[in-house]
Amino acid sequence: YDEKNISSKYHDYRNSDIKEYFQGIDFLVQKKYWVFRMGKLMSQKAEYKSKYFIDYAFCNIKSDLMDIWLFANCDGCITTGTGPDMISYIYQKPILMINYLPLYGYWSFADCITSFKRLFWKNSNMPLTLKEYIDHSYVDYNKYIENGIRIKDLPSTEIQKTIEEFVFYIEKGYHKKSKKNLCLQERFKSEIKANKNFNTFHNWFNPNSKISYNWLKKQNKNFLE
């Protein structure tokens, strides 16, 4: 619930368990990146101990001005797509959207790597195809339930690999290149372009907007083929 006690359950599909990010945080702090866990209304503290990790969401000195400063001055922003990440976009900071939904709303216009939550048909437990991901891109959690779709967060190991991919881009200034990666990226983009509502959200692609290669590889078998 928000501060006015109005139900915000409709965007529960955005929620993630902070503990599933600990492996990824391990990777970051081992490279001596300072990690600030942001947020205003959080369900639980991050019981993670490192001098390079600050659970800023529960700091008594946090402020709206400091929120803006941190998003504007970071080396990179890792987010599930909650709103303040737009500040990092405005200040031209690299962004990693992880456990993101809906697929059709991904930031094709930004310097951004995106990795989506997994969607399964509740009755058959079969994963959705890319076309089905697009057709069932809802901003209301109840719509997923009504359409028999189960939402599953990415596992911690996959989150870590995706963060490693993001750090490679931050440090090297370019995405990992391989023939398979280029092929999967183009196939993803072609499927998006084929959708009738394409121009509503994706009339221009930033060259640095990529789908996580790690995510595409995991989904490739029954997602793009």
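Student: Is Thr80 buried or exposed?

Tutor: Thr80 is buried, because its relative accessibility is 15% and buried means under 20% relative accessible area, exposed over 50% and partly exposed in between, with a 1.4 Å probe and protein chains only. The model is predicted, so local features need pLDDT of at least 70 and side-chain atom pairs count only at pLDDT 80 or more, while totals for chains, interfaces and linings use all residues. Residues are numbered from 1 along each chain as its sequence is written, and side-chain values use heavy atoms, with hydrogens and water left out.

Student: Where is Thr80 found, and what does it touch?

Tutor: Thr80 is in the loop between β3 and α3 (85-90). Helices (H or I, at least four residues) and strands (E, at least two) are DSSP runs numbered from the N terminus. Not counting residues up to four places away in sequence, Thr80 touches Arg14, Ser16, Tyr21, Met97, Ile98, Asn99 and Tyr100, where contact means heavy atoms within 4.5 Å.

Student: And Lys117: buried or exposed?

Tutor: Lys117 counts as buried, at 2% relative accessibility. Its place is in the loop between β5 and β6 (118-121). Beyond four places in sequence, its contacts include Arg14, Ser16, Asn99 and Tyr100, and Thr80 touches these four residues as well. Tyr133, Ile151 and Asp153 are also among the contacts of Lys117.

Student: Which loop holds Tyr106?

Tutor: Tyr106 sits in the loop between β4 (95-100) and β5 (112-116), and with a relative accessibility of 5% it is buried. The C-alpha atoms of Tyr106 and Lys210 are 9.9 Å apart, although 104 residues separate them along the chain.

Student: Which peptide bond is cis?

Tutor: The bond from Leu101 to Pro102 is cis, with omega near -5°. Pro102 is in the loop between β4 and β5. Most peptide bonds are trans, and most residues other than glycine have a negative phi.

Student: Changing topic, how many disulfides does the structure hold?

Tutor: The structure holds 0 disulfides, a disulfide being a pair of cysteine sulfur atoms within 2.5 Å. For Cys77, the nearest cysteine sulfur is that of Cys74, 5.5 Å away. For Cys112, the nearest is that of Cys77, at 8.8 Å. Cys77 is buried, with a relative accessible area of 4%, and Cys112 is buried at 1%.

Student: What is the span of α6?

Tutor: Helix α6 (residues 156-172) has 17 residues and reaches 24 Å from its first C-alpha to its last, close to the 24 Å expected; the expected span is 1.5 Å times one less than the number of residues. Its buried residues include Ile159, Ile163, Phe166 and Val167. Just after α6, Gly173 takes a positive phi of about 85°.

Student: What volume does the largest cavity have?

Tutor: The largest cavity has a volume of about 40 Å³, and the structure holds 1 cavity of 30 Å³ or more. On a 1 Å grid over the protein atoms alone, a cavity is a set of points where a 1.4 Å probe fits but cannot get out, a pocket is an open set with protein on both sides within 12 Å along at least five of seven lines, and lining residues have an atom within 4 Å of a point. Grid points are joined across faces, edges and corners, and a volume is the space filled by probe spheres set on the points.

Student: Which residues line the largest cavity?

Tutor: The lining is Glu165, His175, Lys176, Asn181, Gln185, Lys210, Ile211 and Tyr213. Two or more of these residues come from each of α7 (179-194) and β8 (210-211).
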